[in-house]
Amino acid sequence: MALDVVSRAQCFGGTQFVYRHDSSETGTPMRFSAFVPPQAASGKVPVVWFLSGLTCTEENFTIKAGAQRVAAELGLMVIAPDTSPRGEGVPDDPEGAYDFGLGAGFYVDATQSPWSRHYRMQSYIERELSRLVEAELPADPARQGIMGHSMGGHGAITIALRNPGRFGAVSAFAPIASPMNCPWGEKALSGYLGPDREAWRKFDSCALIEDGYRIPELLVDQGMADPFLTTQLKPELLEAACARASIPLSLRRQEGYDHSYFFIATFMEDHLRWHAQRLGR
């Protein structure tokens with residue numbers, strides 16, 4: 001196999017794996033987690049991708065989101081990749097900031113030096129890892145969903161928009177709605193892609209929708225006690241973009257919830273059931 005097993009554990013009748021492989025896109029070893037439900041013993045199952053947020057690895061979702069029980073019931077495979085390349089020679093923010101460099105790949109293909117050699121998370125997620133999962137695991141490529149949190153919510157929505165017809169279900173937790181219009185996004189996109197804001201548009205959900213890209217519908221949960229709500233996330237921009245494009249958006253504003261995995265774990269079951277219904281469990 002092209003995959004090395006880092007760990008495996010029986011979980012709710014299925015198996016929780018962590019895999020490692022050598023990536024040609026990033027030029028580094030990469031890790032991802034895969035929950036394989038018990039139904040996979042009888043054939044290929046729907047697969048839901050989860051893209052994590054700033055500072056995270058594949059581990060945060062795997063141990064904190066509480067997805068396995070419901071995924072096992074629904075027969076969903078859940079794949080959670082890392083958020084950036086890592087390892088010797090991979091550059092990091094020179095000031096050690098958490099919102100750029102390691103753990104902050106933003107799911108783009110960088111064009112600026114020194115980031116362009118390794119920071120190719122768009123191509124890694126959209127092409128390399130998806131082909132590897134399809135080849136090595138019992139995932140049904142005709143039944144795919146994608147979701148994510150914060151930076152990963154931005155990644156999930158933009159990837160779905162750029163790949164029409166590939167994902168039968170799309171959802172997000174507290175996504176960065178418009179990276180072109182918030183400090184996190186402006187720092188990341190200018191650093192990875194350079195100063196030309198036109199080059200940023202394909203990595204901004206609102207800009208993609210404005211440019212004619214579409215998904216059938218979208219589920220978003222947003223905590224109203226989220227400290228990043230007004231400065232970084234700006235769900236009202238996504239709400240307006242979807243309204244103008246007639247994209248059905250269920251934006252659930254959850255009072256009292258913050259940006260943490262406690263918030264994600266609370267509503268994870270809702271999202272998995274929403275995906276299962278649209279993918280055909």
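What volume does the largest cavity have? The largest cavity comes to about 50 Å³, and the structure holds one cavity of 30 Å³ or more. This is a predicted model, in which local features need pLDDT of at least 70, side-chain atom pairs count only at pLDDT 80 or more, and totals for chains, interfaces and linings use all residues. Residues are numbered from 1 along each chain as its sequence is written, and side-chain values use heavy atoms, with hydrogens and water left out.

**The cavity**

- A cavity here is a set of points on a 1 Å grid over the protein atoms alone where a 1.4 Å probe fits but cannot get out, and lining residues have an atom within 4 Å of a point.
- The volume is the space filled by probe spheres set on the points, which are joined across faces, edges and corners.
- Lining the largest cavity you will find Q16, S33, F35, F61, T62, A67, Q68 and V78.
- Two elements, β3 (29-36) and α1 (58-64), each give two or more residues to that lining; helices (H or I, at least four residues) and strands (E, at least two) are DSSP runs numbered from the N terminus.
- By class, the lining has four nonpolar, four polar and no charged residues. Nonpolar covers Ala, Val, Leu, Ile, Met, Phe, Trp, Tyr, Cys and Pro, charged covers Asp, Glu, Lys and Arg, and the others, Gly among them, are polar.

**Salt bridges**

- The whole structure has 21 salt bridges, each being a side-chain nitrogen of Lys or Arg within 4 Å of a carboxyl oxygen of Asp or Glu.
- R20 pairs with D4, with 3.5 Å between the closest N and O atoms. R20 is in strand β2 (residues 14-22) and D4 in strand β1 (residues 4-11), so this bridge ties together parts 16 residues apart in sequence.
- D211 and R201 meet at 2.9 Å, N to O. D211 sits in the loop between α6 (205-210) and β8 (218-223), and R201 in the loop between α5 (183-193) and α6, so parts 10 residues apart in sequence are tied together.
- R278 and E217 form a bridge with their closest N and O atoms 2.8 Å apart. This pair links distant parts of the chain, 61 residues apart, with R278 in helix α9 (residues 261-279) and E217 in the loop between α6 and β8.
- E25, D109, R120 and R127 are joined in a salt-bridge network.

**Exposure of the paired residues**

- Buried means under 20% relative accessible area, exposed over 50%, and partly exposed in between (1.4 Å probe, protein chains only).
- R20 is partly exposed at 28%, and D4 is partly exposed at 41%.

Technical notes
On a 1 Å grid over the protein atoms alone, a cavity is a set of points where a 1.4 Å probe fits but cannot get out, and a pocket is an open set with protein on both sides within 12 Å along at least five of seven lines; lining residues have an atom within 4 Å of a point.
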